[in-house]
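User: I would like to learn how to read a few features of a protein model with you. Could we begin with what the accessibility terms mean, and then move on to the fold?

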Amino acid sequence: MKELIGVFVQADVERGTWRLKTADENKEFSGEATSEELRGITLDTVTYKLICQEIIEEFKVTEKEKVKYIFKSVDKIEN
């Protein structure tokens, strides 16, 4: 499990995808969620705490790894 704290820069309810920019590392993470989990997410101005499952996909031909993050929980952090 991975904990991420930051602001959403993209949330697509129809496709079930999201991107979050972390406050501490200033790094973007992306992943998947259900439409219900993404509905009502505020972009760019509200800080959230996410708990995500990390799934590492390894590509045998290129020997590269891709990490996919899937929501387990999301909470709004009041500033």
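Analyst: A residue is called exposed when its relative accessible area is over 50%, buried when that area is under 20%, and partly exposed in between. This model is predicted, and in it Asp44 counts as exposed because its relative accessibility is 53%.

User: Where is Asp44 placed, and near what value is its phi?

Analyst: As a general idea, most residues other than glycine have a negative phi. Asp44 sits in the loop between α1 and β4, and its phi is near 70 degrees, a positive value in a residue other than glycine.

User: Which loop holds Asn26, and is Asn26 buried or exposed?

Analyst: Asn26 belongs to the loop between β2 (17-22) and β3 (28-32), and with a relative accessibility of 55% it counts as exposed. Its phi, near 55 degrees, is again a positive value in a residue other than glycine.

User: Stepping back to the whole chain, what pattern does it follow along the sequence?

Analyst: The protein chain has 1 helix and 5 strands, and read along the sequence these follow the pattern β-β-β-α-β-β. The radius of gyration is 13 Å, close to the 12 Å that the globule rule gives for 79 residues, so the chain is as compact as a globular protein of that length. Along its principal axes, the C-alpha trace spans about 45 × 30 × 20 Å.

User: Is Ile41 buried or exposed, and which residues is it in contact with beyond its neighbours within four places in sequence?

Analyst: Ile41 is placed in the loop between α1 (35-38) and β4 (47-59), yet it counts as buried because its relative accessible area is 17%, where the cut-off is under 20%. Leaving aside neighbours within four places in sequence, Ile41 is in contact with Phe8, Ala11 and Tyr48. Its C-alpha atom is separated by 14 Å from that of Arg15, which is 26 residues apart from Ile41 along the chain.

User: Which strand does Glu3 lie in, and what does Glu3 touch when residues up to four places away are not counted?

Analyst: Glu3 lies in strand β1 and is partly exposed, with a relative accessible area of 46%. Not counting residues up to four places away in sequence, Glu3 touches Lys49, Leu50 and Ile51. Glu3 and Tyr69 are 66 residues apart in sequence, while their C-alpha atoms are 10 Å apart in space.

User: Asp12 is also in strand β1; which backbone atom lies 3.0 Å from a polar atom of its side chain?

Analyst: That atom is the backbone nitrogen of Glu14. Asp12 lies in strand β1, which covers residues 2-12, and, apart from neighbours within four places in sequence, Asp12 is in contact with Thr17 and Leu38.

Conventions: Residues numbered from 1 in each chain as written. Predicted model: local features only at pLDDT ≥ 70, side-chain atom pairs only at ≥ 80, totals over all residues. Heavy atoms only, no water. Helix = DSSP H or I, 4+ residues; strand = E, 2+ residues; numbered from the N terminus. Rg over C-alpha atoms; globule rule 2.2 N^0.38 Å. Polar contact = N/O pair within 3.5 Å; in protein donor to acceptor, adjacent residues only side chain to side chain. Contact = heavy atoms within 4.5 Å. Buried < 20%, exposed > 50% of the residue type's maximum accessible area, 1.4 Å probe, protein only.
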